[in-house]
Amino acid sequence: MPETHVNMYGGSPLNRLSWLRPSQSFLNAVVASPNVRWILFNAGQPLIIASSDRSTKPGPLYLTTADVKPFLGPEPYFGQGKEPGDLAKEKDGESHEHVQHSPTEAARHLGVPVVFLGVHEDKADDSTAALPSSEFSDPEEALKKLNGTPYFAIDVSDLEYTPEKLQEILRETTPGREGKTLDWSEPRALMSNLDHFTAGVFASARSLSDWNQRNKFCAGCGTRNYSMWGGWKLNCTSLLPWVDNSNRKPCPTSKGLHNFTHPRTDAVVIMIAIDETGDKVLLGRGKKFPGKFYSALAGFIEPGESFEDAVAREMWEEAGVHVWNIKYHSGQPWPYPANLMVGFFARADSSKPIRVDLDNELADARWFTRDEVRAVLEHKAGTRFERADYKKMTENTEGRSNTGQKLEPAESQVAQAATQTKDVDVKSDDEPPFRLPPMSAIAGVLIRDWVDGKIGYPKEDTIQKGNL
């Protein structure tokens with residue numbers, strides 16, 4: 001059986017313990033564990049240790065619960081009652097076969113949302129160690145049986161602290177007291193520094209924190225939302241039992257199961273087209289990305305489409321190319337903010353004209369030979385991104401600029417470390433003819449696998465005709 005390809009950000013190393021998310025006893029007990037590790041974000045930017053001498057590669061910094069306590073608000077942190085300090089009464093371990101769950105299950109309506117990511121278990125392959133929610137009738141005894149490191153995440157931007165106040169709190173954390181410089185980083189600039197474990201934890205942390213931070217109001221009635229189930233569900237404040245709804249229409253979420261209160265993942269097809277000879281690949285240069293940067297084509301899956309339908313439609317809309325014989329390659333979680341990149345390759349006729357004037361998303365699209373692409377991949381700067389590239393990408397995709405913010409020095413250091421080539425000094429006059437995505441992105445994997453002959457088709461003497 002062929003080995004499953006796991007892209008960066010995939011292969012989550014944590015047991016997410018989803019059946020324990022509604023248990024406020026579990027969450028309140030586990031968050032107090034000295035083993036807990038937290039990832040902090042500020043409007044999606046992770047907290048890092050900034051090293052001016054480049055002695056360490058920057059990456060997300062893990063803090064303890066004691067370190068982040070100033071950000072958490074009043075206890076209990078989960079299952080909050082009407083007033084600060086009140087614990088909502090819930091029967092942990094009850095059957096959840098009914099459609100509508102209790103609106104106070106692990107509710108967090110006081111303070112910014114907190115996300116429980118899961119536990120990195122000491123013995124991940126031992127299913128006998130898994131704890132049911134019924135074990136947490138006595139949380140202290142249950143925690144003795146929980147072997148591993150729990151992970152949480154929080155985005156502090158909605159606290160609206162001044163930069164000075166944030167730095168004051170961060171200086172009192174364990175690494176701050178050790179004299180380390182803490183700062184916030186553009187997340188994409190960390191990509192080349194992350195190992196698989198950190199990337200897997202980071203992907204869930206950033207996507208879930210972003211979803212909680214963005215969706216502040218109920219999609220059904222516009223009332224303020226609050227967090228439940230360790231950050232994995234949002235609920236309308238009008239459903240809390242102490243809220244007076246006598247003069248308002250019932251919120252549509254008060255009946256049935258409504259998926260818009262659960263985390264959102266937007267699926268995107270990303271694909272390359274291979275011509276009939278097998279020696280050419282179609283790549284495009286997007287208008288929103290740095291110049292000379294060519295990559296796989298991509299687009300969101302629309303309602304009423306299969307993956308294959310979306311591949312065929314996007315190839316036609318972006319490049320005016322008809323494709324057929326569409327094959328799946330692999331998937332990649334993409335936490336910018338919460339996409340699932342679904343990778344494909346397909347066949348196309350390179351003798352047909354290319355058109356980028358249909359949806360006008362691409363600045364250019366063209367066929368490249370295997371030798372042309374291999375030469376760029378082997379060039380020391382072929383998949384290299386500079387700090388300015390990350391900055392432009394952030395401005396174009398997220399609509400914000402980091403110019404003038406205090407985190408700029410740290411971003412500079414991160415970008416330098418992320419783009420360093422060992423023992424190589426890349427000079428401006430030694431640029432490749434174009435650039436390609438790195439292997440940390442699924443587009444780079446698709447292109448590299450084609451160059452290396454890992455994916456492709458047999459040569460065709462006659463071009464097939466088809467709708468796809």
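A salt bridge is taken here as a side-chain nitrogen of Lys or Arg within 4 Å of a carboxyl oxygen of Asp or Glu. By that criterion the structure holds 16 salt bridges. The model is a predicted one, in which local features need pLDDT of at least 70 and side-chain atom pairs count only at pLDDT 80 or more, while totals for chains, interfaces and linings use all residues. Residues are numbered from 1 along each chain as its sequence is written, and side-chain values use heavy atoms, with hydrogens and water left out.

Helices (H or I, at least four residues) and strands (E, at least two) are DSSP runs, numbered from the N terminus. Helix 2 covers residues 65-72, and its buried residues (buried meaning under 20% relative accessible area, exposed over 50%, partly exposed in between, with a 1.4 Å probe and protein chains only) are Thr65, Asp67, Val68, Phe71 and Leu72. Viewed down the axis of helix 2, these buried residues fall within an arc of 140°, so they line one face of the helix; the arc is that of the directions from the helix axis to the C-beta atoms. The elements that cover the buried residues include strand 1 (37-42), strand 3 (62-63), strand 4 (114-121), strand 5 (148-155), helix 4 (163-171) and helix 5 (174-177). Just after helix 2, Gly73 adopts a positive phi of about 80°.

Helix 6, spanning residues 196-214, contains Val201. Val201 is buried, with a relative accessible area of 1%. Leaving aside neighbours within four places in sequence, Val201 is in contact (heavy atoms within 4.5 Å) with Pro13, Leu14, Ile39, Tyr62, Leu117 and Tyr151. The C-alpha atoms of Val201 and Phe152 are separated by 9.5 Å, although these residues stand 49 residues apart along the chain.

Beyond helix 6, strand 7 (225-228) runs antiparallel to strand 8, and four bridges join them; two strands pair if DSSP finds at least two bridges between them. The two strands form a hairpin with four residues between them, and Trp229 in the turn has a positive phi of about 55°. Ser227 has Leu234 of strand 8 as its bridge partner. Within strand 8 (residues 233-236), Lys233 and Asn235 point one way and Leu234 and Cys236 the other way, yet all are buried.

Side chains of opposite charge can pair when their charged atoms come close. Asp158 lies in the loop between strand 5 and helix 4 and Lys216 in the loop between helix 6 and strand 7, so the pair ties together parts that are 58 residues apart in sequence. Asp158 is partly exposed, at a relative accessible area of 31%.

In the salt bridge between Arg366 and Asp364, the closest N and O atoms are 2.8 Å apart. Arg366 is partly exposed at 39% relative accessibility, whereas Asp364 is buried at 17%. The side chains of Asp452 and Arg448 also meet in a salt bridge (3.9 Å, N to O); Asp452 is partly exposed at 43% relative accessibility, and Arg448 is partly exposed at 23%.

Salt bridges that share partners join Glu302, Glu305, Arg313, Glu314 and Glu317 into one network. Arg313 belongs to helix 7 (residues 307-319) and is buried, with a relative accessible area of 14%. Not counting residues up to four places away in sequence, Arg313 touches Phe300, Glu302 and Glu305.
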